[in-house]
Amino acid sequence: MGEVIVITSGKGGVGKTTTTANLGTGLAQMGKSVVLIDTDIGLRNLDVVMGLENRIVYNLVDVIEGTCRINQALIKDKRNPSLYLLPSAQTKDKSAVSPEQMRKLAEELKEKFDYILMDCPAGIEQGFQNAIAGATRALVVTTPEVSAIRDADRIIGLLDAAEMDRTDLIVNRLRADMVKKEEMMSSNDVVEVLGINLIGVVPDDENIVISTNKGEPLVGSDTLAGKAYMNICRRILGEEVPMLDLYRKDGFMSKLVSKFKKKELK
Amino acid sequence: MKEPVNIKGTKSGIILVLDPDMPLEDLLEAVKTKFTSSRKFFGDASVALTFEGRKLTDDEKFAIAGVVSDNSDLNVVCITEENADKEEFLKKALKDKLADLSSNTGRFYKGTLRNGQVVDFETSIIILGDVNAGAQVVSKGSIIVLGALYGNAFAGAGGSKNVFVAALNMNPTQIRIGDSIARSSDSDSKSQKETGPMIAFFENGNIYVEPISRESLNDIHLD
């Protein structure tokens, strides 16, 4: 029996979709069968981030309305044979689906997959209600900014009201250099405000932009963000993994190397 | 007194029951009165027209059809012969004619289609603008984009494969012709390079995309 996890944030643009893509890919790399569901009807993105947009024939709304079978709408990932995407519809809106229908869909997918990850739209309206309907576990994504944290706090309240079994926090786009200078809140500061378990910290990494544009999640790669996402996957599976050291002092050599890397990118 | 003109409607057409003896002039006048008074009732449907009760020459038929379309909003697609199995016959005649129209007539659409927009046409369509990624053009006939095609183009949505998709800059996410689907290659899906004018068509079970040239145009079959 699989587990349904919703990835949510309240605020837009903090990295829900990127997180969903990377966690799904990471769990699949670790041998789990995973299905990603894009619940952002009308503003779909997950297919683009996964690089699967050109394979879409049917979508979530088609499945809900019975136009096609689930298997016809599931798109197999390019690299991981145990990873599937159920894309969202682009031409409908959130009211095309009800929480009850999403719950039924999640129940059905639980039979066949280890993990069902719901990519939640921004906001707290029907799209959010649809995304959390079938979930028993939530990952709240926030950046270390006051506005994002405020929205995350609101979301955690709503998740509590919905009686989620477990809610964990991901602090995304942390910049160690700014934290050191006390210009940005640290992950500990964020946890202090929100008071839920921190399951991972993902550094601000320009490789994310490159990977998102290419449509290839970078989880598992030799980048800081890639390692951070892989660590979160392992923690989801119940492993004890120490937090990545984002504050380590750069030695002379590594500074030199990173300079060269930056030049190549330009 | 028996009316000189009676109208019988079926799902796909209209049958005019005509007085056999009345002079043609008077008959046309009667048809005119009849359709003028019920213009609202018939609306602007596409119909096939059939005659009953009177032997008519082709010229006479056309004259009556002319009066019908002049005095109503109906779109008389074709005139059919009297037939025992009228309903079936009218339906088939209408369908054939509409299918024919879909690939051999076209419409223009001016404007850029953006992510999430869908346009659906019974006929072929010429887009004066771009079709962005996430947008969709559906046509029972062919699709011509006088701009860049980044989104989805579904030609021959009624099942016809003798249709094509052409664009000045061809970078589609997907092209469908009839029930065949071709998708963009994964390697260059993000690079939106200028391709120059290209045409996509169906042949031997595959969708081919080629630069527009004399040779590629020779491969296009429209019926």
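**Legends to close-up views of a predicted model**

**View 1. Overall dimensions of chain B.** In this predicted model, chain B has a radius of gyration of 23 Å, whereas a compact globule of 223 residues would have one near 17 Å. The radius of gyration is taken over C-alpha atoms, and the globule rule is 2.2 Å times the number of residues to the power 0.38. Along its principal axes, the C-alpha trace of chain B spans about 80 × 35 × 25 Å. Local features need pLDDT of at least 70 and side-chain atom pairs count only at pLDDT 80 or more, while totals for chains, interfaces and linings use all residues. Residues are numbered from 1 along each chain as its sequence is written, and chains are lettered from A and ligands numbered from 1 in the order in which they are written.

**View 2. Secondary structure and burial in chain B.** Chain B contains 5 helices and 15 strands, which are DSSP runs numbered from the N terminus (helices H or I, at least four residues; strands E, at least two). Of its 223 residues, 33% are buried, that is, 20 or more other C-beta atoms, placed from the backbone, lie within 10 Å of the residue's own.

**View 3. Surroundings of S211(A).** S211(A) lies in helix α10 of chain A, residues 206–214. This residue counts as buried because it has 23 C-beta neighbours inside 10 Å. Leaving aside residues up to four places away in sequence, S211(A) touches E216(A), P217(A) and L218(A); contact requires C-beta atoms, placed from the backbone, within 7 Å.

**View 4. Contact between chains A and B.** Chain A contributes 12 residues to the contact and chain B contributes 12 residues.

Conventions:
Two residues are in contact if their C-beta atoms, placed from the backbone, lie within 7 Å. A residue is buried if 20 or more other C-beta atoms lie within 10 Å of its own, exposed if 12 or fewer, and partly exposed in between; C-beta atoms are placed from the backbone.
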